[in-house]
Amino acid sequence: MRKRSIIKRIKLPGWTIILIVLLIVTGSILNFFSYLEENRLEETANASVIKDTEDYSGRFPGLDVLVRTKHTDEYTYSIALPETKNESINSILMDWVAEQEKGFTTAVKDQSPQFRSNLTIELDTKRITDEIYSFIFSMYYYLGGANGKEEIQTFTVDLSSGSLLEVDDIINLSTYSKEVKKIIINKLQQEEVLQDVLIEDQLNTLLKSPDEWMWSLNQDSFSLYFDEYEIAPGFVGAIELDIPLDDITPYIYEDIFYQSEASTEKVNEQIDIDKQEWSRLDPEGKYVALTFDDGPHPSVTPQVLDTLNSYDAKATFFMLGIQAQYYPSLVQAVAAEGHEIGNHSMNHPDLTSINDEKVRGELEQTNIHIKEAVGFSPATMRPPYGAYNELLVDVMKDAGTPIILWSIDSLDWKSRDKDKIAQRVLEDIHDGAIVLMHDIHQATAAALPIILESLHEQGYEFVTVSELLYQRADEIGPHYQY
Ligand code: ZN
């Protein structure tokens, strides 16, 4: 109110106000980019570290992923953004993400402050060759009440040329347009949920403009995605149509197909984990459970592991399913060194803002990716942002999985400063503490030796969350156990 009256009083001419608004808008866009850039620089600086230690190259050659999260009193967001070895692809993806984020924060401003809005952008990665990938982003946001938005966006990228591929770079539509459309229509008509409800006019219009198709490809199928209302009434929701590759092979350009046959996805072999015997904790001893969330991260996690190892410290890593999917060899390294792996959801949404089916999906998918890497599922779970409600407690009760919160927040995500992180942890330390940190920030890796050295001198020992729960359940920081 006050600002408005000042503007009125000094009577700026209209064009000046427009210029100021433009400057502010441009400024905040630039800020967002410099924020992304900052993260990127931090990560690039770390990239050399990993090469000196061990090679934890990810599942997808030339690709990394990081889930960026933010929480304020008004909203939370989590955005899964792939980073490729090609800068022009990266800027295309970042531009798209920045646009979604801006649309969301603008919409949040009109919301009642009682409700904390949530934006989640999920990523599904499909590999065609070592250079060509499809990214499927599913974006949804909730703004309280019935206000929300769900949208899918796909990109198929060629990392060697730095270009986005259109569907007719993959499928020979100039010759076989009719045949391909027929396959698509037939497949849609076979879907039970679409019986008698397909809006044919809209479908035909869409099929005439392949530039607008949302699609992906991998070595099994060609998939098409339709937003809610796009080709069917709203109750059907968004549609994913998977067409087996065999059905469409004759129309796919041979060189793409040949490349995709030539390479196979790199999946690590499972390893045998020595399940450590939990030694009975000394009643006179002092114990701390260090926890690391949101990883594993290709350069930070190996540093954290090295430091823990040099103090013979055991810790707990609450992993995101998508990070585990990208870095199965890191999941293995964490387990092989005797640390605990916990479930931190697939995409880091606020689990209190999504329905029960989605909550279960988030947790199950994460279990699948972790199990794929190490052969077992996590025994504990930490909800993103520490946000839980009755529904989540019920779901976790069914699964027999305790919900683990924390008693000390290092605020590493906020300060990104090793001394502040260490100070914050050390000043509040107590027997039975559960300490929250994130193995995605370089500053956290740098703070860890300071923390471990000081706590070691004070006579603390470092155990996993399950170990602490098992023996000291009544005494330790906030958790739900059944
Ligand atoms: Zn988290």
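R424 is partly exposed at 31% relative accessibility, where buried means under 20% relative accessible area, exposed over 50%, and partly exposed in between (1.4 Å probe, protein chains only). This is a predicted model, in which local features need pLDDT of at least 70, side-chain atom pairs count only at pLDDT 80 or more, and totals for chains, interfaces and linings use all residues. Residues are numbered from 1 along each chain as its sequence is written, and side-chain values use heavy atoms, with hydrogens and water left out.

**Zinc site**
- The zinc ion is coordinated at 2.1 Å by D294 (OD), H344 (NE2) and H348 (NE2); donors are N, O and S atoms within 2.8 Å of the metal (3.2 Å for Na, K and Ca), and sites may look incomplete because water is not among the atoms.
- Along the chain, the donors follow the spacing D-x49-H-x3-H.
- D294 is in the loop between β10 (286-293) and α9 (300-310), and H344 is in the loop between β12 (340-343) and α12 (356-374), 50 residues apart; helices (H or I, at least four residues) and strands (E, at least two) are DSSP runs, numbered from the N terminus.
- D294 is buried at 3% relative accessibility, and H344 is buried at 2%.

**Salt bridges**
- The whole structure has 10 salt bridges, each being a side-chain nitrogen of Lys or Arg within 4 Å of a carboxyl oxygen of Asp or Glu.
- R59 pairs with E372 in a salt bridge, with the closest N and O atoms 2.7 Å apart.
- R59 is in the loop between α2 (14-52) and β1 (63-71) and E372 is in helix α12, so this pair ties together parts 313 residues apart in sequence.
- R59 is buried at 7%, while E372 is partly exposed at 32%.
- K358 and E150 form a salt bridge at 3.9 Å, N to O.
- K358 belongs to helix α12 and E150 to strand β5 (residues 148-158), so the two join parts 208 residues apart in sequence.
- R360 and D356 form a salt bridge at 3.2 Å, N to O; they are 4 residues apart in helix α12, or about one helical turn.
- A network of salt bridges links D356, R360 and D398.

- R424, in helix α15 (residues 418-428), is 27 residues from I451 in sequence and 9.8 Å from I451 in space, C-alpha to C-alpha.
- G321, in helix α10 (residues 321-326), is buried at 0% relative accessible area.
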